[in-house]
Amino acid sequence: MSSQRMLDRIRHDKRIWAHRVLTKHDQNPFFRVMKSVNAPVVDVEDRSVIMLGSNNYLGLADHPLVRAGAAAALDKYGATVTGSRLLNGTISLHTELEEALADWHGTEQALVFTTGYQANLGGISALCGVGDTIIVDSAAHASIYDACRLSRATIRAFRHNRVDLLEEKLSRSTGVVMVVVDGLYSMHGDLAPLDEIAAVCEKYDAALFVDEAHSVAVMGAKRTGAAELFGIEDDIDARMGCLSKGLGSSGGFVAGSKDIVDAMRVHARTFLFTTAGVPAALGAALASVQLMQTEEGAERATRTLANARYLHDGLVAAGVDVHAPSPLPDGTDMVSPIVPVNVRDDLRTVNTWRKLWDAGIFASAAMFPAVARDGALLRLCVQPDHTTTQLDYVVEKMGLFLGENSPTPDSAPAEVGAAL
Ligand code: PMP
């Protein structure tokens, strides 16, 4: 029997508004059941949709070499390793992948975790503890906040990308201090000004941990992430990345010096006390990392970034409110593969999502707590194989639903409003 008091509390918790959408309306953006997942056009439930809600930024999840890497690993090692890295769960693919990641990043070592979430949780909490201070960007990923809590360090947040406010916090912190930022923000699609952040970290002798979950495989000449764009790889203590997005597999890693990685190897609870990643994921990731260092890796990233720019510019021309491109140190700017459309209002976001769904377009709806309370948005992610015809169609529909002359939020279907 469930506790009635607990269930009542959950039901009436206004912060979890999504719970009400999920339980009261079946035409909502969440938990749609995919019949295929990794192409620019996929089948979801009863329809085919242009997929703009996937983190498969380079289209590698379905690449023949990546599939072959996964299949060979499955064939050799079976479905799972049934043990933690510490005991029986480390297989030769782990060490091969860790060496390949370290080589690629130009660091002494790298450590692979079962998920990116666990890489942040374990990596950050292994480096800082009681009495230390962790300063995070307010838009940092949930796993970073959870990691800070697990570490039991003092947590301070500064307003998104405001290096002046970060500096103010640094100037008032004593003892061991670590700054944690995303290289590329998952919801806003914007880059952190990593050159300025690294400079203030150095000035105040603070460590720097950068989450490159969304930028690894896509950004920089070697495509190791945003740090490369700013030329500050050597100023970062720990570079976290996901295997689950641009690299088309599953898992996460941290690259850094031997000392940093060793600290994680022995202190990261999410490394020590969980079953290691499945062999197929490691085999796929290894193939992807190898692919990254070929002409094809570069060419795929170039096509993705060109598609991002094309979509962004089209949306701007259609009068849709999109996030601005990120400035780069050389005076140019960059549109990342994440092109967020500001909607701000939750109800309008859900209703626009639904109109897109009916038009055969799959976007991701982001609302509080994924973004700020008044920061609801539709997150569009491009892949290299999206065609300009597909992107033009998305722009046309977005312009119709959210452009300057589109109808006001009042035109939302009443039943979705009721669900909220
Ligand atoms: N960091 C960031 C910035 C993320 O967006 C995510 C997940 N989307 C993670 C870490 C966790 O990665 P994973 O999904 O591989 O657990």
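What is the mean pLDDT of the protein chain, and what share of its residues reach 70 or more? I looked this up before anything else. The mean is 93, and 93% of the residues reach 70 or more; pLDDT is the predictor's confidence in each residue, from 0 to 100.

I noted the ground rules. Residues are numbered from 1 along each chain as its sequence is written. This is a predicted model, with local features needing pLDDT of at least 70, side-chain atom pairs counting only at pLDDT 80 or more, and totals for chains, interfaces and linings using all residues.

I checked residues 410-420, where the pLDDT is below 50. Beyond near neighbours in sequence, this stretch has 21 contacts in the model (C-beta atoms, placed from the backbone, within 7 Å). Where pLDDT is low, the predicted coordinates should not be read in detail.

For the complex, I read an ipTM of 0.99 and a pTM of 0.94 from the predictor.

Next, the ligand. I found 14 residues around it, with Thr115, Gly116, Tyr117, His141 and Ala213 the closest (near means a C-beta atom, placed from the backbone, within 6 Å). Helix H6 (residues 116-127) gives the largest share of this shell, three residues (helices are DSSP runs of H or I, at least four residues, and strands runs of E, at least two, numbered from the N terminus).

Then I turned to the domains. The chain is divided into domain 1 (17-51 + 295-419) and domain 2 (62-292), with bounds from an automatic or database domain assignment. I logged 21 residues from domain 1 and 16 residues from domain 2 in their contact.

Methods. Contact = placed C-beta atoms within 7 Å.
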